[in-house]
Amino acid sequence: MTISPEAPSRAMDLLRFATAGSVDDGKSTLIGRLLYDSKAIFEDQLEAVEATSRSRGDEYTNLALLTDGLRAEREQGITIDVAYRYFATPRRKFIIADTPGHIQYTRNMVTGASTADLALILVDARKGLLEQSRRHAFLCSLLRVPHLVLCVNKMDLVDYSQEIFESIADEFTAFAAKLDVPDLTVVPISALKGDNIVTRSENMPWYEGPSLLHHLEHVHIASDRNLVDVRFPVQYVIRPQSTVVADYRGYAGQVASGVLKPGDEVMAMPSGFTSTISSIETADGPIAEAFPPMSVTIRLADEIDIARGDMICRPNNRPAVSQDIEAMVCWMDESRPMSVGGKYAIKHTTRSARAIVRGIQYRLDVNTLHRDECADGLGLNEIGRVKLRTTVPLLADEYRRNRTTGGFIIIDETTNRTVGAGMIIEAA
Amino acid sequence: MKGVNAMTAAYRVSHLDALEAESIFVMREVVAEFERPVLLFSGGKDSIVMLRLAEKAFAPARIPFPVMHVDTGHNFSEVLAFRDARVEELGVQLIVASVPEAITSGLVRESADGMRNRIQTPVLLDAVEKYRFDALFGGARRDEEKARAKERVFSFRDEFGQWDPRNQRPELWSLYNARVHPGESIRVFPLSNWTELDIWHYIARERIGLPEIYFAHDREVVDRDGMLYAINEFLPLRAGEEPFVAKVRYRTVGDASCTAAVKSDADTIEKVIDEVAATRITERGATRGDDKVSEAAMEDRKREGYF
Ligand SMILES: Nc1nc2c(ncn2[C@@H]2O[C@H](COP(=O)(O)OP(=O)(O)O)[C@@H](O)[C@H]2O)c(=O)[nH]1
C-alpha cells in the first residue's frame, strides 16, 4: 500500500495544493496518509506522535498530531494557521497548504489558495455537503484555483454506497457550475482505510475514476500558466560596481506571465518607452526564452529609465495603468474593520502605493452568496467588492486573467500588519 | 491536442527550477526593500545552498550583503576552512559573532552542560543590534521540524527578536510584506519550500562544493544515548566510554559539541542522495542532541529569537 520506493528523480515538476474541510471530516487523517504512504513521515516523527497519543489516552495513534505544529494549538487541540507539508512521488513534488477549519477559516483558506494549483475539499459521506463545503468551493473560485477535487471521505462508514456518493457528487457539481470552476474531479475515499488514495479501491468497483494520488500526479497544470500576456514586473536593477562588467545594467525579476525572447520589442510601463530585449540572462548564462515562473535578468538595447515597480510588457498587450481600482477584498484583521475613507499601504507586484477606500459596493455573504449593498465596512473574514484610489497608478490586470498582476495585499500603515487581500476586477 | 501538449512541454519547469526561481525572487525582494540585510552562514549545507542562490540572484554583481557566522567556538575545522575559502571566492564581507567572546565579556554564561546552542541567541541578537540588521536570511526549511511548518517566508520579529506564532502576518501569492519599524526585523527563509532531498539534488545539479564531513569517512566516535559523537576537544570522553572508529558522515553541521554523525557508506553525492531518499529518521532527530529534550524544544528556542 505504499508508493513506489524509488527515489524521487530530479525531473519532477511541482504541484501546490490547498486542503479544506470542516472539523472532523478527516483532513488530518488524509494528509497523514499521503505523507505516510509517500514516506515523507519519519520514524522519529511517528514515535513522537505515538508517545503523545499514548500520554493523552487516545485509543489510536492520532495521525492528526503529525500535522499539528505549534504548542498553543496542541494544547487546545486545534489548528489555527496555515501549515505547509511536503511529499514527493517519482513524478511530482507536492506542497500542501494545510488550511485549518476553525474560526479564522476564510483568512487561512484565502492564504492557502492564493498559491495553489489545486484545492482539495473534503466532505464526510455521512453528512454530505455542508454550508462550509459550499464556502470552501466559493473561496477556491474567488482565488481562481484552477483545479478542484472533492473528496467524499469515510466511504467505509456508508458501506461504500455508490448512491450516496453520486448524490453528493451531483449536488456539488451543480453548485460548482454556478461558480465557474474550471476543472472539477470527485473521488470517493476512505482516508482511514486507504480506499482510492494510492490505488483504486476494490471496495468501490463502480468507481471508474483515478485514485486521489493518481489524479494529483497526473492533473495537467502546465497550461494553467498564462503564456500569452507578457508581464515582467521589475524587481531590482542590477548594476555591478565593477570594471570587469562596466556599464552593465540588467532588470531582474520573475516572469509573471507570457514568454519573452531576445529581439522582442518591449514597452516599459508606466513610462511607455519602447526598446528591444538584447539578452535574457541568468547566472548560468544567457537563455533563449523566459516564461513563468523563471527568475531572470533582462537587458535592453536602449538606455531607458526603468526602476523597481515598473513593468516590462509588449507594446500591443499592456496592463491597465490606473489609480482607480475595483477589487474583491478579503479582510484579515481582527482589530479594526476596513471602512470607507480608510487609508492603507498596498503592495501590488513589485510596486508599493498608498490607497484610500472610496466605497464598498457590497459585502458578500460567503455562505449564501447574498450581496449586502448597505455594508459600510468589512470585518475579519468578510469579503466585499471595494473601490480604491491609489497614490500612484497600478499596472494592473484582472485577477481572473492573471493571478500575479491581478492580486495585491493591503497593509495597515501603523501596525504594518497585512490586513487584507485584494483581487482586481477592474482597473479603470 | 498534440499541438498544445508539445507547446507546454517546451515550457516545462522542473521542481528544482521552480524552487530556485522562488528563492531568487525572495532574495531580490529583500535587497530591494530592506536597508541592511545579512545572510546567516553556519557552514551547513543549507546555508551553503543559500549562499549559492544569493550568488545567482545578483550575478554578475557581487552579493550585496554581508555574511554572518554565529560562531560557538565549537567548530569542525573542515567547516571553518570551507567558510573562509567561500567568502574569499565570492568577495563578500564576513562578520563573526563570537560566542566565546560573549562569554568572556559577560554577555552570556556558559551553560552547565556546555551546550552552546541556547546561548547563541543573545549573541546573534546583540550582533543584529550592533550592525542594525533589519533582514536576516536563514537556511531553515519547513520540512525540518513541526514548529517550522507554519513559519512564514518573511517571519516578523519584534524589537526583542522574538517570534510570536499566534501573530504572524498572512502571506499571500508572492507578495511579501517587508514593512518594519526601527529596531524590528524580519527573518527571511528562502529555502522554506525545499526538502532535504531537494537540497541534495540541487547540490548535485549545481556541483556545489561541501565540507568533506558531509561524506562518509572514518572517524573516532563514541556511542552516547544511541547517537555517534566524534571525540574532539569540545566533546571529551566520559568515564566508561570506549571510542571506536566508524565510517560515518554528518547530515547536519552544527555545534561540534552536540552534532552527531550517522553511520554511512555514502562517500559520493549520488550515494548520499540514495541514502537520504531511503532514510526513515529526520535529520534533526538523527543528529541534534539539543532537539531531543522535548517535543517543543525548537518552538521555545524560536520564540526567543533562535534561527
Ligand atoms: N471510518 C473512518 N473514519 C475516518 C476517516 N477519516 C477520518 N476518520 C476519523 O474521523 C475523525 C476525524 O478525523 P481528523 O483527520 O482528525 O479530521 P480533521 O478535523 O478533518 O482533521 C478521526 O477519528 C478519524 O479517525 C475515514 O475515511 N473513515
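**Figure 1. Salt bridges across the whole predicted model.** Search the whole structure and 48 salt bridges turn up over all chains. Keep in mind that this is a predicted model.

**Figure 2. A:Lys93 meets B:Asp198 in a salt bridge.** Here the closest N and O atoms sit 2.3 Å apart. This pair crosses between chains: A:Lys93 belongs to strand E3 (residues 92-98) of chain A, while B:Asp198 belongs to helix H7 (residues 196-206) of chain B. How accessible are the two partners? A:Lys93 has a relative accessibility of 2%, so it counts as buried. B:Asp198 is buried too, with a relative accessible area of 3%.

**Figure 3. A salt bridge within chain A joins A:Asp310 and A:Arg351.** The N to O distance in this one is 3.4 Å. It links distant parts of the chain, with the two residues 41 residues apart. A:Asp310 comes from the loop between strand E13 (295-300) and strand E14 (311-313), and A:Arg351 from strand E18 (residues 351-364). As for burial, both A:Asp310 and A:Arg351 are buried.

**Figure 4. B:Glu20 and B:Arg205 pair up in chain B.** Their side chains form a salt bridge at 3.6 Å, N to O. B:Glu20 lies in helix H2 (residues 15-33) and B:Arg205 in helix H7, so the pair ties together parts of chain B that are 185 residues apart in sequence. Are these two buried or partly exposed? B:Glu20, at 11% relative accessibility, counts as buried, whereas B:Arg205, at 30%, counts as partly exposed.

Figure 5. To put the chain A residues in context, chain A has 7 helices and 23 strands. Of its 428 residues, 60% are buried. Among contacts with a separation of 6 or more, 70% come from residues 24 or more positions apart. The accessible surface of chain A comes to about 16800 Å², and carbon and sulfur atoms account for 47% of that.

Conventions. Residues numbered from 1 in each chain as written. Chains lettered and ligands numbered in written order. Predicted model: local features only at pLDDT ≥ 70, side-chain atom pairs only at ≥ 80, totals over all residues. Heavy atoms only, no water. Helix = DSSP H or I, 4+ residues; strand = E, 2+ residues; numbered from the N terminus. Buried < 20%, exposed > 50% of the residue type's maximum accessible area, 1.4 Å probe, protein only. Contact = heavy atoms within 4.5 Å. Areas by Shrake-Rupley, 256 points an atom, 1.4 Å probe, with all protein chains shown as cover. Salt bridge = Lys/Arg side-chain N within 4 Å of Asp/Glu carboxyl O.
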